[in-house]
Amino acid sequence: MSMTRRTFIVAGTALGSMAPLGSPWGREHAPRSAVALHGAPKYADGFGHFDYANPAAPRGGSVVLQANGTFDSLNPWIAKGRPAAGITLTHDTLMARSYDEPFSLYGLVAETISIAEDGASVTFAISPGARWHDGSAISPADVIWTFNTLTTQGTPRYRTYYAGVDRVEQTGERQVTFRFRSGVNRELPLILADMVVLCASFWKDREFRDTLLEPPLGSGPYEIEALEPNKHIIYRRREDYWAADLPVNRGHWNFDTVRFDYYRDRDVATEALKAGNFDLRAENSARRWNTQYDFDAVTDGFMVRERIDHEIPTGMQGFLFNTRRDLFADPRVRYALAHAFDFEWTNKTLMYDEYTRTRSYFSNTELSSEHGPPDSDELAILDPYRSVLPAEVFTTPYAPPTTRGDGNVRNNLRAALGLLGEAGWKVNTDSGRLVNAAGQRFEFELLLLQPSLEPISQSFADNLDRLGITMSIRIVETSQYLNRIRSFDFDMIVASIGQSLSPGNEQRNLWQSRGAAIEGSGNLTGVSDPVVDEIVETLIAAPDRAQLVTRTRALDRVLLWKHLVIPHFHNTHHRLVYWNRFGRPRISPRYGLGFPSTWWIDERREQALETWRQGRSGAGKASGTGQ
């Protein structure tokens with residue numbers, strides 16, 4: 001899975017001629033400008049632009065966006081500080097993704113990629129035109145320094161993500177070769193191709209492990225123009241961006257400036273949006289979506305409220321257990337608590353029936369196991385572990401407990417008490433609280449960052465209280481939340497575990513035992529299970545797309561039946577609210593939004609909006625509020 005969110009390209013030789021002749025990648029070792037995890041890239045040599053970009057898009061103008069919380073660092077690659085929104089706009093990656101393919105990359109800093117016949121190494125040729133913002137050339141030394149620094153001083157995810165690399169070395173004037181450890185890892189060349197490149201000379205006299213407020217020397221389409229920590233940051237498009245004329249950038253990066261203003265409260269930010277203080281938001285609250293955007297600007301067509309369908313994996317959001325806590329070590333306890341979350345009532349009463357219940361870590365993809373029991377190929381992977389896995393893994397698609405949606409959860413709570421009793425918890429008749437054999441009460445804390453999650457969480461807490469369980473809800477500010485998450489100092493959180501269409505090496509960081517004890521890792525649940533460890537490695541070694549799907553579904557089943565998370569919900573469209581001043585391509589990317597990269601300022605709409613605002617102001621009304 002990619003760890004970045006920007007895409008670029010260098011034209012060269014297409015990969016369509018590759019054939020699987022005896023090795024994961026075929027016999028050819030010739031350099032290529034594009035690579036796909038499975039099959040051939042969509043775009044052939046000499047293509048003009050991605051289908052979801054408009055090469056005739058006008059450039060100019062500014063866009064202002066909302067960011068949440070605060071920021072105190074321009075170094076997003078370490079497990080310290082709160083990095084500024086949009087900071088990846090300033091740096092390029094070795095190769096660049098397209099967002100209408102599951103996992104294909106095209107040349108950028110590296111104009112070509114060459115994968116060894118035996119799959120034991122990958123070589124990148126650095127483009128002679130690749131430049132830092134000061135005009136100096138991006139060199140193999142920068143790539144080598146970046147890799148070594150990220151894996152020794154960066155966030156723990158880099159160490160697991162790149163664990164298959166034995167060493168990296170310069171093998172030519174402009175060539176860098178990564179040599180791999182033993183084992184089949186088809187994805188590793190691609191995730192290395194997706195690696196950001198940092199400037200070694202900039203960091204030479206600076207401590208990489210520390211937060212930074214001095215703009216780092218970058219190579220991307222934007223550079224930092226101004227900032228005020230915790231308040232705003234402004235990026236200006238580089239007129240001399242070295243990759244501006246490459247096919248992948250045609251129709252991209254059209255705004256002259258991109259500004260992020262920080263808001264600590266999303267409801268306050270909603271009023272700022274309506275007042276015209278920023279331009280667009282992806283609305284994550286069903287309540288706000290259904291109640292806050294019925295005013296004159298929307299009625300008159302000057303603010304747009306729009307759903308845009310997508311095929312992006314929706315992953316897993318839910319109440320996540322920290323299984324490092326003794327309280328949540330027993331899966332029966334975790335499953336019991338799942339009975340107290342009444343999704344059907346919550347969706348109808350609090351969320352305007354906007355959502356679908358999540359039943360997979362890979363929801364909204366073919367990788368999900370929710371569509372039926374395991375087939376023979378999945379069983380071949382799971383059968384060796386039959387004696388240690390729950391029987392349901394082999395027979396039944398996971399489904400969370402359900403209700404009628406009328407608020408009556410009596411049957412669910414009765415089932416929960418049965419499971420809790422099996423795990424040694426009983427209701428004390430004197431206090432009415434749930435206690436164990438030692439007399440300890442069942443009490444824990446739900447740690448939240450977003451106040452908007454409190455109503456959903458409170459209804460869950462109310463049902464737990466009927467079981468004799470006390471769940472306190474604590475909302476904290478961003479820095480405290482991040483520090484507690486990184487150190488696993490929580491009982492339960494609401495977490496969103498994102499996934500890609502091509503899961504691979506990042507699964508180690510999420511689920512393998514080695515990350516359970518490493519602070520800052522992605523293994524938030526603390527799961528430590530040799531079965532999970534082995535299935536993850538099997539997934540990473542998948543030789544083709546069909547096997548990747550099979551092995552991912554097997555992993556999905558095992559994780560779901562471990563009850564690590566009480567699943568929440570998802571939807572399959574972007575909910576956007578924005579001022580009607582933009583143009584966008586006719587085709588949207590299947591696996592992304594394309595904003596701000598491929599949108600632009602529409603001069604006609606901009607003028608109409610300005611005229612409308614002036615008329616409102618002249619009438620003595622607040623601009624855009626309709627009040």
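Is R236 buried, partly exposed or exposed? I opened the predicted model to find out. R236 has a relative accessibility of 35%, so I logged it as partly exposed.

**Entry: the partner of R236**

The side chain of E225 meets R236 in a salt bridge, at 2.4 Å from N to O. I then checked where the two residues sit. E225 belongs to strand β9, residues 222-228, and R236 to strand β10, residues 232-237. The pair therefore ties together parts that are eleven residues apart in sequence. I also looked up the accessibility of E225. The value is 42%, so E225 counts as partly exposed.

**Entry: D166 and R167**

I moved on to D166. D166 makes a salt bridge with R167, and their closest N and O atoms are 2.8 Å apart. D166 has 38% relative accessibility, so I noted it as partly exposed. R167 is partly exposed as well, with a relative accessible area of 42%.

**Entry: E283 and R288**

Which residue forms a salt bridge with E283? I found R288, with the closest N and O atoms 3.0 Å apart. I checked burial for both partners. E283 is buried, and R288 is buried too. Buried here means under 20% relative accessible area.

**Entry: whole structure**

How many salt bridges does a search of the whole structure find? I wrote down 42. Among them are E225 with R236, D166 with R167, and E283 with R288.

Definitions and conventions
Residues are numbered from 1 along each chain as its sequence is written. This is a predicted model: local features need pLDDT of at least 70, side-chain atom pairs count only at pLDDT 80 or more; totals for chains, interfaces and linings use all residues. Side-chain values use heavy atoms; hydrogens and water are left out. A salt bridge is a side-chain nitrogen of Lys or Arg within 4 Å of a carboxyl oxygen of Asp or Glu. Buried means under 20% relative accessible area, exposed over 50%, partly exposed in between (1.4 Å probe, protein chains only). Helices (H or I, at least four residues) and strands (E, at least two) are DSSP runs, numbered from the N terminus.
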